[in-house]
Amino acid sequence: MAKKIKVLIVDDASFMVKALRDILESDDEIEVVGSARNGQDALDKIPELQPDVVTLDVDMPVMDGVRAIRHIMIKCPIPIVMLSSLFSHGDITFEALRLGVVDFLPKPSGAISTDIHSQGHQIIDRVKIAAAENIRNVHRVKLNKVDVRDQLVERYGFQMLDHLVTIGTTLGGPNTVIRIMSELSPDLPMAVVAIQEIEPRILPAFVKEFNEYTAWKVEEGKEGTILEQGVCYVCSYSEPMIVQLNSNQEPCLMRGTNGKKPLNALFQSAADVFEQNTVGVLLTGVGNDGEEGFSHIKKKSGVTIAQNTETCVYPNLTQCAIEYGVVDFVANDGDLHSKIATVVNTDSDERVMNA
């Protein structure tokens, strides 16, 4: 018999603990080994209970969820699934994802939720995925807030929109997207469209907070938005976007129709519009989405980059693309931003020389 996934529930609401226990133990592969009333209580119990996954609330007495993530990741790294009613607080969701939680799920109807059972399938799914996480590759992103007044030239200086960089990831990827955008220069002649696994209700607050920590302008990807240089458009994997030309022949975002493989759809649509000036980037993630899109980018003479599987939290996405033979460059987590800049600058320099 396969070993069960051991889960520790951390929540100060007894109703929520019971509801989560009922949900998780309805699955034969999961065992709830205990509960904790706050972050400090969890830290005390983890050495004894040895859970494989922790479900963590945010708003708790003594030690809240965000402080608990920092301590858990330093003292006893364990995959964490956040479950909170505070999903509209961008500072909390951004901080949790920056610190490397697997996912941040909103409680369905606030702190005193009566319909949490309707979200049961998603919670069970996230816990199972979390248990397979390569925790050694989870690293917090070190950031400082950006004063836009110091970045006026980079943020608002004129640059042509020559390239489109499309980034695709699923669970575990938001952390890496934050790292790339915090290290990538905003005065490159390009825009970025990133699809990542993030609950659509969380996305607006997350993006607003993200914008405070990078010299790039960060916006939520919305249907009809015309792409601009120096802007990073973040989209949810659940409500993805593709790239099209509008009636004025301007590149814009449109709602994607390929619900099963949104990364393929994004990469393919970008290559149809930007052709050889398309850069596809695949990051850590679960599933096999993206390799057909990469193939289309290469067919249009664009460039494809994959995160090194040895640095991935989940290697599936990049491994599939590498085995499919459609990856031009493989780069470690911390080198992705420089590889993107090199590709874009090289193409731009060659065009100037050939003009």
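Guide: Contact means heavy atoms within 4.5 Å. Helices (H or I, at least four residues) and strands (E, at least two) are DSSP runs, numbered from the N terminus. This is a predicted model: local features need pLDDT of at least 70, side-chain atom pairs count only at pLDDT 80 or more, and totals for chains, interfaces and linings use all residues. Residues are numbered from 1 along each chain as its sequence is written, and side-chain values use heavy atoms, with hydrogens and water left out.

Visitor: What share of the residues of the chain counts as buried?

Guide: Buried means under 20% relative accessible area, exposed over 50%, partly exposed in between (1.4 Å probe, protein chains only). The chain has 12 helices and 14 strands. Of its 355 residues, the buried share is 56%.

Visitor: Why is helix H8 largely enclosed by the rest of the structure?

Guide: H8 spans residues 203-210. Leu203, Ala205, Phe206, Val207, Glu209 and Phe210 are buried there. H8 is therefore largely enclosed, its buried count being six of eight residues.

Visitor: What covers the buried residues of H8?

Guide: The cover includes both helices and strands. Among the helices are H4 (90-99) and H7 (174-183). The strands include S7 (190-196), S8 and S9.

Visitor: H4 and H7 pack at what angle?

Guide: Axes are lines fitted to C-alpha atoms, for helices over the stretch in contact, and angles run from 0 to 180 degrees between N-to-C directions. The H4 and H7 axes are 7 Å apart. The pair counts as roughly perpendicular (65 to 115 degrees; under 35 is roughly parallel, over 145 roughly antiparallel, the rest oblique). The angle is about 95°.

Visitor: Which residues make the contact of H4 with H7?

Guide: By class, five are nonpolar, one polar and one charged (nonpolar: Ala, Val, Leu, Ile, Met, Phe, Trp, Tyr, Cys and Pro; charged: Asp, Glu, Lys and Arg; polar: the others, Gly among them). H7 gives Pro174, Asn175 and Ile178. H4 gives Phe94, Leu97, Arg98 and Leu99.

Visitor: How many nonpolar residues has the contact of H1 with H5?

Guide: H1 (residues 14-25) and H5 (residues 120-131) pack at about 70°, axes 9 Å apart. Leu20, Ile23 and Leu24 of H1 meet Gly120, Ile123, Ile124 and Val127 of H5. One residue is polar, none is charged, and the nonpolar ones number six.

Visitor: Is Gln229 buried or exposed?

Guide: Gln229 sits in the loop between S8 (217-220) and S9 (231-236). A polar atom of its side chain lies 2.6 Å from the backbone oxygen of Leu188. Its relative accessibility is 13%, so Gln229 counts as buried.

Key:
A polar contact is a pair of N or O atoms within 3.5 Å; within protein, one must be able to donate a hydrogen and the other to accept it, and residues adjacent in sequence count only if both atoms are side-chain atoms.
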